Amino acid sequence: MIPPAQRMQLLGPTFFAALEPKISAMQAAGKDVIRLDEGSPDLPPPRAIIETLAQAAAEPGTHCYQPHRGTRALRLAWAGMYRRVFGVSLNTDSEIVPLLGSKEGVFHLSAAFLNPGDVSLIPDPGYMTYTRGALFCGAEPYFMPLRPENQFLPDLDAIPASVLRRARLLWLNYPNNPTAAVASHEFFARAVAFAQKQGLLLCHDAPYTQITFDNYRAPSLLEIDGAKEVAVEFNSLSKSHNMAGWRVGALMGNAQALKTFFTLKTNVDSSHFLPILAAAAAAMTGDQAWLAERNQVYRQRRDIVVQAVNEFGLPAQLPQASIYVWCPVPAGWTCLDFVNLILNETLVSLTPGTIFGDNGEGYVRISLTAPAERLNEAMLRMAKLFPLTTKGGK
Ligand SMILES: Cc1ncc(COP(=O)(O)O)c(C=O)c1O
């Protein structure tokens, strides 16, 4: 076999791809593993969305290629949702590009804008595709630490001038994965001004904006005056509408950036299956009342987890949004040792913070993607290990 291209060495497997066989082997041996590691919603979307897909699939004319920009109905649905939820107006021809899930868009945006030697400013901890996309292009990630004392917001003024001179992209993600932190309008306004001053493309990744609790409303970065001059925003139905496997996302905002991105994308894929486009549009234009009920389910799950881990002596904060709890590990433990202990001793699978970057050390991410009974069961199993003696693994 011929050797892989050198750039493949920059990628390596993802944590979840490596975890999968281990969990499968445990399950094959009859072990009841509770998976709180991945951020994959366990609840289905409403029947009406699925029926739209089924009906469209039964039509004879639905099997051909679709326009690269998706259907106009889909773009109108994205624009309608942005107007309704955020008060943001978008031009459906120039300010919206549908994606096959936001992950491919995040990766390809780096390919569209980064030259070898350029810098991409990336939150740490952060969603790993920002980094992998930069590395694949021969660009350099510069990690902006997200620290609890800064409410897990990056300190933009701490980025050295020598780094800024080579930087082209600035990534943000709120509500945040993995920390579940949220950002204010005021912070977004500062980020827009910073991107304007430094000549950066500001990339906001916003798949969790519609999973919020206790009357909190997560803003879109595009709500900020002047944002469209320097920013693009990714959104996705994966989490917002329980449709992770459907692979429906969109990139919105600065028309010039979208034009460049679109040129790359038309060379890579050929849009979606029409029934998926139709059902995705229906998901955004149909009844949205179920989202509030679904958020109540996540809120109840959040309360189970936060209360339990607080009782273990782990001071996790109560998140206002997202599907995660960012939980400190016991003193003296590395997150990886802690995750391995919990998996081996209790069959509960958590995500170590360091897969999101060095600043994830000291934390595990707990996903709220299991029913309340399973979360209760997971917490009961874990409770038996506490108090933990110091492992000295750090
Ligand atoms: C911050 C963030 N961005 C992007 C994605 C990718 O989502 P999608 O399913 O739309 O590709 C995820 C998925 O977990 C995420 O957490």
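How many of the residues of strand E8 (residues 249-253) are buried? In this predicted model, 5 of the 5 residues of E8 are buried, and the strand is mostly covered. The legends below begin with that strand.

**Figure 1. Strand E8 and its two faces.** Gly-249, Leu-251 and Gly-253 point one way from E8. Ala-250 and Met-252 point the other way, and the residues of both sets are buried.

**Figure 2. Strands E2 and E7 as antiparallel partners of E8.** Strand E2 (residues 96-99) pairs with E8 in the antiparallel sense over 4 bridges. Within this pairing, Ile-96 has Met-252 of E8 as its bridge partner. Strand E7 (residues 231-236) also runs antiparallel to E8, and 5 bridges join E7 to E8. Strands of a sheet pair through backbone hydrogen bonds, in either the parallel or the antiparallel sense.

Figure 3. A polar backbone atom of Ser-102 is 2.7 Å from an oxygen atom of the ligand. For Lys-239, an N or O atom in the side chain lies 2.8 Å from an oxygen atom of the ligand. Taken alone, the ligand exposes 400 Å², of which the protein buries 92%.

Figure 4. A search of the whole structure finds 15 aromatic pairs. One of them joins Tyr-127 and Tyr-130, with 5.7 Å from centre to centre and 70° between the planes, an edge-to-face arrangement. Tyr-127 counts as partly exposed because its relative accessibility is 24%, whereas Tyr-130 is buried, with a relative accessible area of 0%. Together with Trp-171 and Phe-234, Tyr-127 and Tyr-130 form one aromatic cluster.

Figure 5. The ring centres of Phe-312 and Phe-386 are 4.6 Å apart and their planes stand at 10°, so the pair is stacked. Phe-312 lies in the loop between helix H12 (289-311) and strand E9 (324-328). Phe-386 belongs to the segment after helix H14 (372-383), and the pair is 74 residues apart in the chain. Both Phe-312 and Phe-386 are buried.

**Figure 6. Arginine side chains over phenylalanine rings.** Arg-7 lies over the face of Phe-136, at 5.6 Å from the ring centre. Arg-69 is placed over the face of Phe-262, at 4.2 Å from the ring centre.

**Figure 7. An open sheet of 3 strands.** The strands follow the order E9-E12-E11, and their pairing is antiparallel. E9 and strand E11 (351-352) stand at the edges with a single partner strand each, so one side of each is left without a neighbour in the sheet. E11 pairs with strand E12 (residues 363-367) in the antiparallel sense over 2 bridges. In this view, Thr-351 stands opposite Arg-365 in E12.

**Figure 8. Glu-377 and Val-348.** Glu-377 is located in helix H14 and is partly exposed, with a relative accessible area of 31%. Glu-377 and Val-348 are 29 residues apart in sequence and 9.4 Å apart in space, C-alpha to C-alpha.

**Figure 9. Cis peptide bonds in two loops.** Asp-124 and Pro-125 are joined by a cis peptide bond, with omega about 5°. Pro-125 lies in the loop between strand E3 (119-124) and helix H5 (128-136). The bond from Asn-177 to Pro-178 is also cis, with omega near 15°. The position of Pro-178 is in the loop between strand E5 (167-172) and helix H7 (185-198).

Figure 10. Ala-180, in the loop between E5 and H7, has phi near 65°, a positive value in a residue other than glycine. Ala-180 is buried, with a relative accessible area of 5%. For Asp-214, phi is positive and near 55°. Asp-214 lies in the loop between strand E6 (201-205) and helix H8 (227-230). Asp-214 is partly exposed, with a relative accessible area of 48%.

Notes
Residues are numbered from 1 along each chain as its sequence is written. This is a predicted model: local features need pLDDT of at least 70, side-chain atom pairs count only at pLDDT 80 or more; totals for chains, interfaces and linings use all residues. Side-chain values use heavy atoms; hydrogens and water are left out. Rings of Phe, Tyr and Trp (its six-membered ring) pair if their centres lie within 6.5 Å; planes under 30 degrees apart count as stacked, over 60 as edge-to-face and the rest as tilted. Buried means under 20% relative accessible area, exposed over 50%, partly exposed in between (1.4 Å probe, protein chains only). A charge sits over a ring if NZ of Lys or CZ of Arg is within 6 Å of the ring centre and within 35 degrees of the ring normal. Two strands pair if DSSP finds at least two bridges between them. A polar contact is a pair of N or O atoms within 3.5 Å; within protein, one must be able to donate a hydrogen and the other to accept it, and residues adjacent in sequence count only if both atoms are side-chain atoms. Accessible areas come from the Shrake-Rupley method with a 1.4 Å probe; for residues, only the protein chains shown count as cover.
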